[in-house]
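Take a walk through this two-chain model.

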Amino acid sequence: MNRVIINQEYCKGCGYCIQICPQKVLSFSEEFNTHGYYPANVGRREVCIGCGFCAQVCPDVAISVYRGDEL
Amino acid sequence: MKTVFERPHSLFDLPYPYCPGCHHGLAQRLIAEVIDELSISDRTIGVGPVGCSVYIYEHIDVDFVMGAHGRSPAIATGIKRSRPGTIVFSYQGDGDIAAIGTAEIIHAANRGENISCFFINNAIYGMTGGQMAPTSLLGQKTQTSPRGRKVQTEGYPFHLCEMLAVSEGSAYIARVALTNPRLIKKAKEAIRKAFLTQIEEQGFSLVEILSPCPTNWRLPPLEAVKWLEEHLMATYRIGEIKVKEGVTNAC
């Protein structure tokens with residue numbers, strides 16, 4: 001399964017990744033982080049195609065994307 | 001397992017101090033990626049400006065010098081001339097490069113200094129609280145133009161790229177935006193070309209990066225990006241504005 005890892009302490013909840021995701025994998029978290037932002041959350045991991053668009057548009061470099069089953 | 005995206009090696013693992021939705025982090029990431037790909041981090045020197053862009057020195061793992069307001073191209077000139085083997089770049093905002101530092105950038109370009117400049121244009125003064133910049137659009141409401149920018153009193157938006165392209169000393173001038181993955185890829189190519197222009201000693205290179213300032217535009221991040229696409233990109237056309245002969249071959 002493809003993996004999207006979001007560093008929730010770096011995320012400021014701008015929503016760019018949520019809007020750009022073609023599979024609607026991401027959504028806002030219901031809990032805020034230590035800075036008071038509602039970060040993005042990987043909600044529907046099973047439908048992720050590993051395109052990496054979310055990481056490309058993230059202004060805070062909070063996202064890493066991996067393809068494949070291992071790890 | 002295949003890595004699709006990871007933080008570039010030259011970018012420190014630190015949270016950015018910028019407001020939500022600001023493209024400074026994205027622009028700095030692209031510069032770090034290009035520095036990694038060209039393997040030039042050990043001989044690159046950056047020149048920081050005054051304004052929000054200043055925080056670049058905390059995030060990219062190369063040597064940095066801080067310039068007085070707008071004087072980064074002059075400092076970069078000095079570094080490049082005294083240490084010719086280094087790769088020197090300046091990273092400046094619109095208040096820095098297009099307002100107080102107009103003289104420095106125009107003369108650095110006209111002398112054909114072999115440096116690269118990255119110019120973040122968000123059409124407003126960010127750090128000082130949203131005052132009108134020379135790059136603000138006509139009709140744009142800011143702290144110091146509450147009824148919108150007027151030609152009669154404040155003149156026209158400042159097209160720095162087109163101005164520098166006229167100069168014979170400039171080799172590569174491009175304007176890019178970072179609003180979607182396709183444009184981000186193009187922007188990275190432009191940044192790579194700017195560095196390669198310098199490595200191949202072709203002359204002065206500048207990349208203008210259009211960026212939103214959601215805080216001072218008084219818009220949520222997603223609406224700010226939409227405003228950028230509709231208004232800023234209509235006034236400031238993106239694309240390669242000048243590619244001197246010889247530059248394309250080098251890339």
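In strand 1 of chain B, B:Phe5 is the bridge partner of A:Val65. Strands here are DSSP runs of E with at least two residues, helices are runs of H or I with at least four, and both are numbered from the N terminus. The model is predicted: local features need pLDDT of at least 70, side-chain atom pairs count only at pLDDT 80 or more, and totals for chains, interfaces and linings use all residues. Residues are numbered from 1 along each chain as its sequence is written, while chains are lettered from A and ligands numbered from 1 in the order in which they are written.

Stay with that strand pair. A:Tyr66 stands opposite B:Thr3 in strand 1 of chain B. Three bridges join strand 4 of chain A to strand 1 (residues 2-5) of chain B. The two strands run antiparallel. They belong to an open sheet of three strands, ordered 1(A)-4(A)-1(B), with antiparallel pairing. Two strands pair if DSSP finds at least two bridges between them. The edges are strand 1 (3-6) of chain A and strand 1 of chain B, each pairing on one side only. From one strand to the next, the twist averages 25°. Angles run from 0 to 180 degrees between N-to-C directions, and axes are lines fitted to C-alpha atoms, for helices over the stretch in contact.

Now widen the view to the whole contact between the chains. Chain A contributes 27 residues and chain B contributes 22 residues. Residues are in contact if their C-beta atoms, placed from the backbone, lie within 7 Å. On the side of chain A, the elements giving two or more residues are helix 1 (16-20), helix 2 (53-57) and strand 4 (63-67). Strand 4 of chain A gives the most, with five residues. By class, this side of chain A has 14 nonpolar, eight polar and five charged residues. Nonpolar means Ala, Val, Leu, Ile, Met, Phe, Trp, Tyr, Cys and Pro; charged means Asp, Glu, Lys and Arg; the others, Gly among them, are polar.

Chain A itself is quickly described. It has two helices and four strands. From the N terminus on, its elements run β-α-β-β-α-β. The radius of gyration of chain A is 11 Å, close to the 11 Å that the globule rule gives for 71 residues, so chain A is as compact as a globular protein of that length. The radius is taken over C-alpha atoms, and the rule is 2.2 Å times the number of residues to the power 0.38. The C-alpha atoms of chain A fill a box of roughly 35 × 25 × 20 Å along the principal axes.

Chain B has ten helices and eight strands. Its radius of gyration is 17 Å, close to the 18 Å from the globule rule for 251 residues, so chain B is as compact as a globular protein of that length. Its C-alpha trace spans about 50 × 50 × 30 Å along its principal axes.

Next comes the open sheet of seven strands in chain B. The order is 3-2-4-5-7-6-8, with mixed pairing. Strand 3 (63-66) and strand 8 (239-243) of chain B are the edge strands, each pairing on one side only. Neighbouring strands of this sheet are turned by 15° against each other on average, direction ignored.

Helix 7 (residues 181-199) of chain B touches strand 4 (87-93), strand 5, strand 6 and strand 7 of chain B. Its direction makes about 160° with that of strand 6 of chain B. Helix 1 (residues 24-37) of chain B lies across strand 2 (44-48), strand 5 (116-121) and strand 7 (204-210) of chain B. Helix 1 of chain B runs at about 160° to strand 5 of chain B.

How do these two helices meet? Helix 1 and helix 7 of chain B pack at an angle of about 50°, with their axes 9 Å apart. They are therefore oblique to each other. Angles under 35 degrees count as roughly parallel, over 145 as roughly antiparallel, 65 to 115 as roughly perpendicular and the rest as oblique. B:Leu30, B:Ile31, B:Glu33 and B:Val34 in helix 1 of chain B meet B:Ala187, B:Lys188, B:Ile191, B:Arg192 and B:Phe195 in helix 7 of chain B. This contact has six nonpolar, no polar and three charged residues.

Methods. Contact = placed C-beta atoms within 7 Å.
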